[in-house]
Amino acid sequence: MSRQFQLIEAVHEYLPEFDEGVLDKAYRFAKNAHKGQKRASGESYFSHPWSVALIAAQLRLDFPSIVAALLHDTAEDTQTSLATIESLFGADVAQLVDGVTKLRKISFSPGEKHQAENARKLLLAIASDIRILFIKLCDRLHNMRTLHHLVNPEKRRRIAQETLDIFAVLASRIGLRAVQEELENLAFAELRPEEYQRLAQKIEMFGAQDPKIIGRIIRIFEELFREHSFFPDISGRHKTPYSIWSKMQRQHVRFEELTDVVAFRFVLPDVESCYRALGILHTNFRMLPTRFKDYMSLPKPNGYRSLHTAILGPFNKPIEIQIRTTEMEVVAESGKCAHWAYKNNWKGTESYKWLKGLLEIFNTNVTPKELFRRAKHEMFSKGIFCFTPLGDLISLPEGATAVDFAYAVHTNIGNSCIGARIDGHIAPLWAVLQNGANVEILTDPDQHPSALWDQFAITGKARACIQKFVCTQERAEFTRLGQRLLQQQLARLEEGFPQEETFVRLAKSFGYGAQRDFQEAIGRGRVPYTLVGNKVQRLGLPLRTSFEVVPLCLSDFIPGIAMHYADCCHPIAQNPIVGELIPGRGVMIHTIPCMKGKKSNTPFIETAWGKLSSQARTCLHLNLTISNQLGSFAIILGLLRDLEIRTTHIRVAHRDLDLIRVVAEIQVEREEQLAEALASLRTCPRVQAVDVQR
Ligand code: MN
């Protein structure tokens with residue numbers, strides 16, 4: 001059969017009405033463009049784009065993708081310009097060719113300086129049109145199938161590693177399972193040739209003991225199902241060396257201990273028969289526990305749906321079984337490409353949200369190295385997924401916490417989250433989410449991200465948002481502190497004297513051009529505010545003999561950034577207070593009696609509580625000893641919440657069989673609140689002891 005005819009046949013199988021004239025034109029155009037070029041194998045170069053188009057047709061990509069696959073190397077390797085392609089095949093095809101051509105220039109080699117930037121380019125290209133990724137994966141698959149023709153071993157390794165690290169992962173994330181498996185296996189054969197050989201031999205021997213074992217097992221299943229008037233389509237196969245190898249690595253087991261060297265698949269017409277088939281299998285064979293997975297009621301983030309189980313099957317062979325409907329089978333084998341590309345609605349899918357999340361990581365200012373680490377983490381970690389109260393799926397990496405969930409829903413939700421309700425129970429932000437959990441995020445407009453969150457957030461998006469917020473806010477807080485300290489110093493100027501002018505003069509005399517930078521430097525203690533005071537006197541400006549200092553108003557600051565409550569005396573609202581500037585940390589607030597007991601060289605800073613608002617909270621640490629029982633934490637947290645006290649952090653200091661000692665950081669607004677809290681904690685049966693840390 002001629003190549004051209006083979007391709008036409010493959011497309012015709014799923015697109016009966018396609019324009020054969022256009023395909024013919026593209027075929028001849030590409031063949032002509034690559035005339036005289038050779039592949040490493042010695043074959044004509046055209047064999048490559050043709051193979052890529054054929055793979056694309058087997059994956060049932062849409063028609064413009066097939067044409068673009070044929071042309072995908074012409075814009076790069078030949079004299080053909082994109083304008084020519086556009087005039088001959090239209091803008092849609094030209095844009096796809098352009099996208100694939102741009103991807104070619106991106107390199108992900110380790111040690112590559114521009115890794116992060118390159119990953120960003122890749123994601124941007126994919127996000128513009130998912131079909132570009134599909135074509136790129138077909139291209140990569142054919143290059144991997146012919147990799148052994150390349151002479152340079154280093155180049156082979158680099159391509160194989162990149163395939164394993166980037167393209168197999170991308171294939172899996174968009175649900176192209178067959179492509180993912182083949183890519184992984186080909187890369188594995190190149191990267192670990194000895195292990196590949198050894199496993200391939202073992203798999204062969206496993207079958208060699210009884211070459212017809214798969215067929216015999218299938219017949220036994222068919223007979224069993226016939227008795228129940230069920231006629232599933234059953235197929236069996238050996239697993240690939242790579243999938244066996246990675247399972248051995250993951251579970252630390254030897255080949256002989258593996259239960260699923262052979263896997264069977266049952267395809268049935270509808271969901272109900274799938275569950276009934278599962279029932280028949282579980283009644284007739286012993287189920288191997290912990291292996292059962294219901295991806296039907298809980299699909300994987302990439303849309304994969306199936307029932308997985310493992311049984312001690314015929315001949316006492318442990319075997320793995322997948323059960324799914326015909327429709328799910330199509331999706332699992334060819335990915336969602338058909339569905340997305342045709343209906344153009346892939347932007348609503350989980351895969352797209354995942355891409356968007358990755359892109360957001362790049363919109364923050366961290367070092368390229370850190371960026372790439374995060375992006376990779378995001379791409380590789382095993383996924384779980386949870387539901388919003390409205391039933392939307394949110395996919396997250398394993399180990400993600402409520403705060404990750406909040407940021408995955410929306411940046412604003414993340415920035416104002418205070419806790420979560422997980423499957424109906426109140427839980428703190430650091431609660432680790434389980435697969436399938438229903439999560440409702442509780443928010444408060446007064447809430448702000450805290451640097452502490454960074455310790456338990458694991459998704460790149462959440463961490464980037466938190467760090468960005470903390471960083472901007474920290475600057476703002478120190479600048480505000482510096483500005484208020486400066487105001488105190490300038491208060492001694494004669495009334496009506498232009499403060500603004502003096503301010504600029506002062507900043508200049510300390511070497512600062514921008515006023516904001518000068519204020520921040522004072523706040524951070526880089527420029528001692530006492531020196532600024534001296535300078536004001538030395539500039540010979542008209543000074544007042546007596547003046548009133550405007551106290552620093554604590555309600556203007558967020559505690560814990562540029563303003564802290566001292567651990568020695570724990571000032572509570574309405575206690576008389578003063579401040580002490582600690583370079584690098586900001587102003588530390590003490591009660592006046594506490595400060596009087598200290599010997600300090602720097603003068604006190606006049607401070608006042610200011611208007612009591614929700615911001616004027618005081619941070620306290622409680623030492624709690626609670627019983628080590630299910631729900632103790634929830635009870636304590638609920639009790640504090642009922643008193644409208646915020647618990648901002650909890651640390652387990654010690655734990656034994658009976659008791660847990662924790663240090664809880666809480667925020668109270670009034671002294672009575674603390675008294676109330678202590679009283680109700682002391683009467684709570686789960687609490688053995690409580691006191692305030694001094
Ligand atoms: Mn190519």
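A: A residue counts as buried when its relative accessible area is under 20%, as exposed when that value is over 50%, and as partly exposed in between. The model is a predicted one, and the burial classes used below are computed from it with that scale.

The metal site comes first. The manganese ion is coordinated by four residues: His48 and His72 through NE2, and Asp73 and Asp139 through OD, at 2.2 to 2.4 Å. Along the sequence these donor residues follow the spacing H-x23-H-D-x65-D.

The setting of the site can be followed through the largest nonpolar core. This core has 71 residues, and those with the most contacts inside it are Ile66 and Leu71. Helix α9, residues 130–145, gives the most to the core, with 9 residues. Domain 1 (3–149) and domain 2 (197–339) both contribute residues, which means that the core lies between the two domains. Apart from this core there is another one, of 29 residues, which includes Leu490, Ala521, Phe557 and Ile605.

When residues up to four places away in sequence are not counted, Ile66 touches Val11, Tyr14, Leu23, Ala53, Ala56, Ala57 and Leu61. A further position in this stretch of sequence is Gly90, in the loop between α6 (82–89) and α7 (91–104). Gly90 has a relative accessible area of 25%, so it counts as partly exposed.

Just after α24, Gly525 takes a positive phi of about 85 degrees.

Helix α23, residues 499–509, has Thr502, Phe503, Leu506 and Ala507 as its buried residues. These four cover an arc of only 135 degrees around the axis, and therefore they lie on the same side of α23. On the other side of the helix, Glu500, Glu501 and Lys508 are exposed. The partners of the buried residues of α23 are α22 (460–490), α24 (515–523) and α25 (529–538). Gly511, which follows α23, also has a positive phi, near 85 degrees.

His590 is buried, at a relative accessible area of 4%. Leaving aside neighbours within four places in sequence, its contacts include Cys568, Cys569, Pro576, Ile577, Val578 and Met595. Ile592 belongs to helix α26, residues 592–596. With 26% relative accessibility, Ile592 counts as partly exposed. Beyond its neighbours within four places in sequence, Ile592 is in contact with Pro576, Ile577 and Val578.

Two loop residues deserve attention when backbone angles are reviewed. Most residues other than glycine have a negative phi. Ser229, in the loop between α13 (213–227) and β1 (233–238), has a positive phi near 55 degrees. Glu644, in the loop between α27 (632–642) and β18 (646–655), likewise has a positive phi, near 60 degrees. Ser229 is exposed, at 58% relative accessible area, and Glu644 is exposed as well, at 66%.

Finally, the chain as a whole. The protein chain has 28 helices and 20 strands, and 51% of its 694 residues count as buried. Among contacts between residues at least 6 apart in sequence, 67% join residues at least 24 apart. The chain exposes about 33600 Å², of which carbon and sulfur atoms supply 51%.

Conventions:
Residues numbered from 1 in each chain as written. Predicted model: local features only at pLDDT ≥ 70, side-chain atom pairs only at ≥ 80, totals over all residues. Heavy atoms only, no water. Donors = N, O, S within 2.8 Å, 3.2 Å for Na, K, Ca; no water. Buried < 20%, exposed > 50% of the residue type's maximum accessible area, 1.4 Å probe, protein only. Contact = heavy atoms within 4.5 Å. Areas by Shrake-Rupley, 256 points an atom, 1.4 Å probe, with all protein chains shown as cover. Core = buried A, V, L, I, M, F, W, Y, C linked by side-chain atoms within 4.5 Å. Domains from an automatic or database assignment. Arc of directions from axis to C-beta.
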